[in-house]
Amino acid sequence: MIDKELLEILACPETHQHLAEADQAALDALNAKIEAGTVTNVGGEAVTEKVEGGLVREDGKIVYPIRDSIPVLLIHEGIAL
């Protein structure tokens, strides 16, 4: 879980849209696709590790993974939803 004050200042590194924590249903669906081997990130690399959490862009198109409790806010690491 991301600190609410931190979440208020985080933004998408590409579009600067606000980010919100992904709900469990979205994470479960994403992890099922990752397990099936059908997910690539914006950089074109296959995503093979399940995500423990994620930050979803305001438009709902991209999720940035949270790994070891740290949001990975790199454009190429974003995952299209």
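Residues are numbered from 1 along each chain as its sequence is written, and side-chain values use heavy atoms, with hydrogens and water left out. Because the model is predicted, local features need pLDDT of at least 70 and side-chain atom pairs count only at pLDDT 80 or more, whereas totals for chains, interfaces and linings use all residues.

Helix α2 comprises the 13 residues 24–36; helices (H or I, at least four residues) and strands (E, at least two) are DSSP runs, numbered from the N terminus. The expected span of a helix is 1.5 Å times one less than its number of residues. For α2 this gives 18 Å, which agrees with the 18 Å between its end C-alpha atoms.

Within α2, the residues Leu 27, Leu 30, Asn 31 and Ile 34 are buried (under 20% relative accessible area; exposed is over 50% and partly exposed in between, with a 1.4 Å probe and protein chains only). Just after α2, Gly 37 adopts a positive phi of about 80°.

Strand β3 contains Ile 66, which counts as buried because its relative accessibility is 7%. Not counting residues up to four places away in sequence, Ile 66 touches Ile 2, Glu 52, Gly 53, Gly 54, Leu 55 and Pro 71, contact meaning heavy atoms within 4.5 Å. The C-alpha atoms of Ile 66 and Met 1 are separated by 9.4 Å, although these residues are 65 residues apart along the chain.
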